[in-house]
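Here are my notes from an afternoon of looking things up in this model. Follow along with the structure open beside you.

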Amino acid sequence: MKIIDARGLSCPEPVILLRQEMASGEHAYQILVDNHASKENTARYAEHQGYHVQVEEQDGEYTLTFTK
Amino acid sequence: MTLRHEKAIIIAAGCIIGALASLLVYLGNPSNMGFCIACFLRDISGALGLHSAANVQYIRPEIIGLVLGSFLLAVFRKEFGAKGGSSPLTRFVLGMFVMVGCLMFLGCPFRMILRLAGGDWNALFGLAGFVCGILVGVFFLNRGYSLHRSYRLPRTEGVLFPALMAALLVLLLGAPALLRFTEAGGGPGAQHAAVIVSLAAGLAVGALAQYTRLCMVGGIRDMILFRESKLLLGFAAVFASALVCNLILTAVTAGTYFNPGFTGQAVAHTDGIWNFLGMLLAGYGCVLLGGCPLRQLVLSGEGNTDSAITVLGLMAGAAMAHNFGLASSGEGPTANGKIAVVIGLVVVTAIACLGTFGTKRK
């Protein structure tokens, strides 16, 4: 599974990173973000691409796992 | 919350914000200037004596309200968090030149919408330039442009900017003799709604913008980048609501709040090329900053010190614009202003190139 560290990046960089990685067409990705806007935006993008989204929060940081 | 739900909420918020903007003009603000982040920060710079343009000096409570409204709601929603360290000085410089672009056009992206809603068709040139600026910024975003990551900071860092805004309010109410104010009839700085009304409107819009993440740049940017329409719907709702309210106010009051045409517009000029280039610079710089001036205020209320630095850059840019004769007036742009916009486009492009090709993402 590809892991993308997008913590601390401002909008829309996390989504752009995710889009670039998703171009490889793998079945699972994980992205780390540290704010609500990035969490919502990356989750929405992944859902649009047909991925199932799972979110875990720990200490103000989010780990989103996208699977097909 | 589903996307459909989010879209309904941002449309409703945009309608409220547009109506408040229209009402603020009825209650005393300059024409088509219910809100203008660039103009209002410029007025605050003047009131603090950072520039001496006597016609634009006032502590605008709307700005204080926007930051505090965002701050209070962010704390309530547990979204407040101090962070910073993402190329702060680069952001300061970008903020300065975004202001130079805004003062060439005479308005931030928010006022651009309000000018259109008031029938000022000069803003169409601004809108065209704004979209082109966003397209150029998106070109770099797609190639990996980044100002690098921010880091968590002690909570005090995040609270300081909202505290500074509260201090401005204390100065305005408690020690106005320390400040500079435009004399009655002396220009846009003297036209304002009552302090409590402006503050309340700012608080409401700040909270709504925090909740919906409304951003005038983000709407067009996300549509181009991801075909995502949520933020653009907010942008469109502000326009539609302000337009309808302006038409209603024109019909039911003695004033004119919708005055279609190019000439005779308040706090505006008719030089299409420089209206275009001013907003091109503003849109370009705002994409590199990650949000419009309104969004920077809202983020600074959420504890983002990079955005707070950007706001300080906007204020410094306003002071520079008036001290060096860069700001346009109703008579048109100045020669110095044209040179500054060209320099701004060069500097912003250099920052974009260095942020894209100069260093690897960390």
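Before anything else, my terms: helices (H or I, at least four residues) and strands (E, at least two) are DSSP runs, numbered from the N terminus. I count residues from 1 along each chain as its sequence is written, with chains lettered from A and ligands numbered from 1 in the order in which they are written. The model is predicted, and I ask pLDDT of at least 70 for local features and 80 or more for side-chain atom pairs, while totals for chains, interfaces and linings use all residues.

**Entry 1**

I began with B:Ser87, found in the loop between strand 1 (83-84) and helix 4 (88-105) of chain B. Its phi is near 50°, a positive value in a residue other than glycine. Most residues other than glycine have a negative phi, and most peptide bonds are trans. For exposure I count other C-beta atoms, placed from the backbone, within 10 Å of a residue's own: 20 or more is buried, 12 or fewer is exposed, and in between is partly exposed. B:Ser87 has 18 and is partly exposed.

B:His148 came next, in the loop between helix 6 (122-141) and strand 2 (151-152) of chain B. B:His148 is not a glycine, yet it has a positive phi of about 70°. With 17 C-beta neighbours inside 10 Å, it is partly exposed.

In chain A I checked A:Pro12, which sits in the loop between strand 1 and helix 1. The peptide bond from A:Cys11 to A:Pro12 is cis, with omega near 0°.

**Entry 2: the sheet of chain A**

Which order do the four strands of the open sheet in chain A take? I read 1-2-4-3, with mixed pairing; two strands pair if DSSP finds at least two bridges between them. Strand 1 (2-5) and strand 3 stand at the edges with a single partner strand each, so one side of each has no neighbour in the sheet. On average, neighbouring strands are turned by 15° against each other, direction ignored.

Strand 2 (residues 28-33) and strand 4 of chain A run antiparallel, joined by six bridges. Here A:Leu32 stands opposite A:Thr63 of strand 4. Helix 1 (residues 13-22) of chain A packs on the sheet and touches strand 1 and strand 2, its direction making about 165° with that of strand 2. Contact, for me, is C-beta atoms, placed from the backbone, within 7 Å. Axes are lines fitted to C-alpha atoms, for helices over the stretch in contact, and angles run from 0 to 180 degrees between N-to-C directions.

Strand 3 and strand 4 (residues 61-67) of chain A pair in the antiparallel sense over seven bridges. A:Val53 has A:Phe66 as its bridge partner in strand 4. The two strands form a hairpin with two residues between them, and A:Asp59 in the turn has a positive phi of about 55°. Is strand 3 of chain A buried or largely in the open? Of its seven residues (52-58) the number buried is zero, so strand 3 lies largely in the open.

**Entry 3: a helix crossing in chain B**

The axes of helix 2 (residues 37-47) and helix 13 (residues 305-323) of chain B come within 8 Å and cross at roughly 70°. Helix 2 of chain B is therefore roughly perpendicular to helix 13 of chain B; angles under 35 degrees count as roughly parallel, over 145 as roughly antiparallel, 65 to 115 as roughly perpendicular and the rest as oblique. Among the residues making the contact are B:Leu41 and B:Ile44 of helix 2 and B:Leu314 and B:Met315 of helix 13.

Definitions and conventions
Two residues are in contact if their C-beta atoms, placed from the backbone, lie within 7 Å.
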